[in-house]
Amino acid sequence: MLGFTHNLEDLKDSEIYIITVPTPIDKDHNPDLSLLKKASSMVGEHLNTDNIVIYESTVYPGSN
């Protein structure tokens, strides 16, 4: 079943997570990864072995 949520309680029984967040840039054109990191941390609390996490964001290749 496919579902969309922002409620952390809904995540506990999932096996595949798709994280979609914006990645704004600052005045120097550096990406602000804070939203991506926050979403990753939130999902990470519910991950189990063999779960899959897919990211959809505007992060450029090679960013850390």
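Me: Where in this predicted model is Asp 50 placed?
Reply: Asp 50 sits in the loop between helix 1 and strand 2.

Me: Why is Asp 50 called exposed?
Reply: Its relative accessible area is 73%. Exposed means over 50%. Asp 50 is therefore exposed.

Me: What is the phi of Asp 50, a residue that is not a glycine?
Reply: The phi of Asp 50 is positive, about 75°. Most residues other than glycine have a negative phi.

Me: How many helices and strands does the chain have, and what pattern do they follow?
Reply: The protein chain has 1 helix and 2 strands. Along the sequence they read β-α-β. The C-alpha atoms fill a box of roughly 40 × 20 × 20 Å along the principal axes.

Me: Why is Val 43 called buried?
Reply: Val 43 has 9% relative accessibility. Buried means under 20%. Val 43 therefore counts as buried. The residue lies in helix 1.

Me: What share of the chain is buried?
Reply: Buried residues make up 19% of the 64 residues.

Me: Why is Ser 34 called partly exposed?
Reply: Ser 34 has 41% relative accessibility. Buried needs under 20% and exposed needs over 50%; partly exposed is in between. Ser 34 therefore counts as partly exposed. Ser 34 belongs to helix 1.

Me: What makes Glu 9 and Lys 12 a salt bridge?
Reply: Their closest N and O atoms are 2.8 Å apart. The rule asks for a side-chain nitrogen of Lys or Arg within 4 Å of a carboxyl oxygen of Asp or Glu. Glu 9 and Lys 12 therefore form a salt bridge. Side chains of opposite charge can pair when their charged atoms come close. By this rule the count comes to 1 salt bridge.

Me: Why are Glu 9 and Lys 12 called partly exposed?
Reply: Glu 9 has 47% relative accessibility. Lys 12 has a relative accessible area of 45%.

Me: Which residues make the nonpolar surface patch?
Reply: The patch is made by Ile 16, Ile 18, Ile 52 and Ile 54. Its area is about 360 Å². Strand 1 and strand 2 each supply at least two of its residues. Ile 16, for one, is found in strand 1.

Me: How do you know that empty space is left in a structure?
Reply: Rolling a probe the size of a water molecule over the atoms shows where empty space is left. Here, the largest pocket holds about 790 Å³ of space.

Me: Which residues are closest to the centre of the largest pocket?
Reply: Gly 3, Phe 4, Thr 5, Leu 11 and Ile 18 are the closest, out of 24 lining residues. Strand 1 and helix 1 are the elements that give two or more residues to the lining.

Me: How many lining residues of the largest pocket are nonpolar, polar and charged?
Reply: The lining divides into 14 nonpolar, 6 polar and 4 charged residues.

Definitions and conventions. Residues numbered from 1 in each chain as written. Predicted model: local features only at pLDDT ≥ 70, side-chain atom pairs only at ≥ 80, totals over all residues. Heavy atoms only, no water. 1 Å grid on protein atoms, 1.4 Å probe; cavity = no way out; pocket = protein on both sides within 12 Å on 5 of 7 lines; lining within 4 Å. Points joined across faces, edges and corners; volume = space filled by probe spheres on them. Helix = DSSP H or I, 4+ residues; strand = E, 2+ residues; numbered from the N terminus. Nonpolar A, V, L, I, M, F, W, Y, C, P; charged D, E, K, R; others polar. Patch = residues over 30% accessible without salt bridge, like charges linked within 9 Å, V, L, I, M, F, W, Y side chains within 5 Å. Areas by Shrake-Rupley, 256 points an atom, 1.4 Å probe, with all protein chains shown as cover. Buried < 20%, exposed > 50% of the residue type's maximum accessible area, 1.4 Å probe, protein only.
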